[in-house]
Amino acid sequence: MSDAPGTPDVPAPAPRVRPPLSAQGAEEERRVLSLKPVLAPARGSYGGHPHQTYDLWTANRPDAPLVVLLHGGYWRYDRLHLTPFAAHLARQGFDVLLPGFRRAGGAGGYPATFDDVARAVDTLPAGRPYILAGHCSGGHLALWAAARALLPEDSPWCSTRLPDAVLGLAPITDLAGVIRDGLSDDAGLLLLGGDGPAVERLPAVDPLTLLRGAGTTGVPTVVLRGANDEELPHDQFTGYLAAHRDAREIVLPGTGHYTLIEPGSPAAGSVVRALTDLAAGLPGRTPPGRTA
């Protein structure tokens with residue numbers, strides 16, 4: 001409600017009620033999230049907290065582009081479910097860093113989750129050009145990291161050390177929408193610390209809010225999603241794309257939310273092609289050759 005004289009009250013949009021998953025959507029979710037985790041050939045840490053660790057897969061080729069991959073799970077869950085896909089990308093010719101970070105509901109949430117993502121992307125590439133990619137809430141974190149130059153200069157996260165390109169895979173882009181719709185048992189409020197703190201904290205960590213006024217992050221950006229995504233309302237994608245004049249959208253017909261990260265699926269092939277296209281624009285890099 002506005003306190004400005006003469007300003008009419010504008011009711012907040014009503015929250016959406018998420019319909020039950022279709023049989024296809026439920027099967028896709030079960031199939032992808034039940035994949036056996038893959039042990040990374042190398043692991044390391046980028047800080048002293050137990051969650052400030054990373055997995056590394058290398059393609060064993062000197063010209064392999066680097067992908068920093070941020071996992072989803074509504075900021076609550078760990079990265080194990082994304083290890084099969086990280087290993088798959090390495091087989092396609094990419095070096096892949098998969099960092100963990102402090103998570104909501106435990107040691108993380110605001111500000112620790114954002115502290116860790118900023119630290120990971122600032123340190124782990126070690127000066128190499130890289131593509132920052134993320135799925136679902138990991139897509140939110142990737143798009144946020146690409147927008148850090150739009151933060152106020154006194155923000156501890158403000159930086160001009162940005163990714164060379166960013167790929168959002170069915171990404172969350174609008175935290176206000178996540179909170180309004182109560183997605184995943186109010187995961188947005190859990191991330192930001194509850195109703196009261198969320199109002200103050202959201203503008204600094206919401207990709208859509210940061211874009212408003214600027215219209216672009218200056219980072220080559222692709223949003224890739226399935227036309228049949230049942231996990232996120234489609235305005236999570238359309239609102240961001242309308243605000244980001246330089247972003248490119250790829251929509252996969254007949255594709256849901258999770259099969260984007262299913263090794264060997266047609267959707268995963270589209271992800272590899274999108275990464276290959278972005279890699280062609282990396283400084284001093286050539287795109288990898290793809291293997292079957």
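Residues are numbered from 1 along each chain as its sequence is written, and side-chain values use heavy atoms, leaving out hydrogens and water. Because the model is predicted, local features need pLDDT of at least 70 and side-chain atom pairs count only at pLDDT 80 or more, while totals for chains, interfaces and linings use all residues.

**Helices**

Buried means under 20% relative accessible area, exposed over 50%, and partly exposed in between, using a 1.4 Å probe and protein chains only.

| Helix | Buried residues |
|---|---|
| α1 (residues 23–33) | Gly25, Glu28, Val32 |
| α6 | Leu183, Ala187, Gly188, Leu189, Leu191, Leu192 |
| α7 (residues 195–205) | Ala198, Leu202, Val205 |

Why do the buried residues of α1 line one face of the helix? Seen down the axis, they fall within an arc of 60°, where the arc is that of the directions from the helix axis to the C-beta atoms. An α-helix has 3.6 residues a turn, so residues three or four places apart point the same way.

In α7, the buried residues are Ala198, Leu202 and Val205. They cover an arc of only 80° around the axis, so they sit on the same side of α7. On the other side, Gly196, Val199 and Glu200 are exposed. Among the elements covering the buried residues of α7 are α3 (112–123) and α8 (207–211), with contact taken as heavy atoms within 4.5 Å.

The buried residues of α6 pack against α3, α4, α5 and α7. Just after α6, glycine 193 takes a positive phi of about 95°.

**The core**

A nonpolar core is a set of buried Ala, Val, Leu, Ile, Met, Phe, Trp, Tyr and Cys residues joined through side-chain atoms within 4.5 Å. The largest one has 85 residues, and Leu69, Trp75 and Leu224 are among those that touch the most other members. Helix α10 (residues 266–279) gives the largest share of this core, eight residues. Leaving aside residues up to four places away in sequence, leucine 224 touches several residues, including Leu167, Ile250, Leu260 and Ala274.

**A proline in a loop**

Proline 111 is found in the loop between β4 (95–99) and α3, where a strand is a DSSP run of E, at least two residues. With 37% relative accessibility, proline 111 counts as partly exposed.

Methods. Helices (H or I, at least four residues) and strands (E, at least two) are DSSP runs, numbered from the N terminus.
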